[in-house]
Amino acid sequence: MPRRPWIMTQTWHDLLFAHWPVDAARLASKVPLALELDLYDGRAWLGIVPFRMTNVALRFLPAIPRLSAFPELNVRTYVSVGGRPGVFFFSLDAASPLAVHAARWFFHLPYYTASMRVERRDGRVDYRSRRREDPPAQLVATYRPIGPAFQARPGSLEYFLTERYCLYTVDRRMQPVIVEIHHPPWSLQPAAAEISTNTMAHAAGIDLPHESPLLHFAARQDAVAWARARVRP
């Protein structure tokens, strides 16, 4: 972990990791040149990750109503800088306008406000999200775990897709910026999902293949995050 103190807590609930293999050359054209697309066995991957957030708070400060708990939906791929793997976000949709504006300013990430509804019943999660800004994007899905929990084995595809402890973006000069995060290893479960509407990748200019995604569920993850920092050469 970084030597400097972390600044924020977050708890993530009822995550679905939905991953599709995508053409590496086309995906690389959507990623800033300062970031290197990370591949697994020569393949690039795009993830769509719906979940709920709680415990969103700055260190030593209490949770703030309308800022500490809300649904979120990410579209992401995997990159590296200087050989260190991380996550690159094409978009992050959230139901809290205050949180969206705060994250845009503080982390320089592509957050969007969205109308979102999440219901958990009978062991499944019903998730609906419709973006309220341009470009329009929508997700309607029902998902659930279907197997026992496990921790991904180092070197496996599951490990490649989930065990990443930083995210990257770029500053106004298109230089890489890092946000460090830390959490326990993921407790993953095989998952099933019915995705009736999904235009999240299309809104980012990416076409998904006509095949079923690789699905994993995670019930909960506690995390801390550091302030953004410029990547040192």
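## Notes on charges, rings and contacts

1. Let's start with D38: its relative accessible area is 17%, so it counts as buried (buried is under 20%, exposed over 50%, partly exposed in between, with a 1.4 Å probe and protein chains only). Before going on, a caveat: this is a predicted model, where local features need pLDDT of at least 70 and side-chain atom pairs count only at pLDDT 80 or more, while totals for chains, interfaces and linings use all residues. Residues are numbered from 1 along each chain as its sequence is written, and side-chain values use heavy atoms, with hydrogens and water left out.

2. What does D38 pair with? The side chain of D38 forms a salt bridge with that of R164, at 3.0 Å from N to O (the rule is a side-chain nitrogen of Lys or Arg within 4 Å of a carboxyl oxygen of Asp or Glu). R164 is buried too, with a relative accessible area of 4%. D38 sits in the loop between strand 2 (36-37) and strand 3, and R164 in the loop between helix 3 and strand 9, so the bridge ties together parts 126 residues apart in sequence. Helices and strands here are DSSP runs numbered from the N terminus (H or I, at least four residues, for helices; E, at least two, for strands). R164 also has its charged end over the ring of F160, 4.4 Å from the centre (a charge sits over a ring if NZ of Lys or CZ of Arg is within 6 Å of the ring centre and within 35 degrees of the ring normal).

3. E163 is worth a look on screen. This residue is in the loop between helix 3 (157-162) and strand 9 (166-170). E163 is buried but has no salt bridge, and the nearest side chain of opposite charge, R164, is 9.3 Å away (Lys and Arg count as positive, Asp and Glu as negative; His and the chain ends are not counted). What lies 2.7 Å from a polar atom of the E163 side chain? The backbone nitrogen of W186 does. Setting aside residues up to four places away in sequence, E163 touches E158, H183, P185 and W186 (contact means heavy atoms within 4.5 Å).

4. Q221, in strand 12 (residues 214-225), touches H183, P185 and W186 as well, among other residues including W12. Q221 counts as buried because its relative accessibility is 4%. Its side chain makes a 3.3 Å polar contact with that of H183 and reaches the backbone oxygen of P184 at 3.0 Å. A polar contact is a pair of N or O atoms within 3.5 Å; within protein, one must be able to donate a hydrogen and the other to accept it, and residues adjacent in sequence count only if both atoms are side-chain atoms.

5. On to the rings. There are 9 aromatic pairs (rings of Phe, Tyr and Trp, the last by its six-membered ring, with centres within 6.5 Å; planes under 30 degrees apart are stacked, over 60 edge-to-face, the rest tilted). One of them is W12 with F51, an edge-to-face pair at 6.4 Å centre to centre and 65° between the planes. This pair joins distant parts of the chain, 39 residues apart: W12 in strand 1 (residues 8-22) and F51 in strand 3 (residues 44-58). W12 is buried at 11% relative accessibility, and F51 is buried at 3%. Ring pairs gather W12, F17, F51 and W186 into a cluster.

6. Back to charges: the salt-bridge count is 12. E180 and R84 make one at 2.8 Å, N to O, linking strand 10 (residues 176-182) to strand 5 (residues 84-94), 96 residues apart. E180 is buried at 12%, whereas R84 is partly exposed at 33%. R104 and E133 make another, at 2.7 Å.

7. Which residues are linked in a network of salt bridges? They are R117, E119, R121, R124 and D126. R124, in strand 7, is partly exposed with a relative accessible area of 27%. The R124 side chain has a polar contact of 3.4 Å with the side chain of D126. The C-alpha atoms of R124 and R144 are 4.5 Å apart, though 20 residues separate them along the chain.
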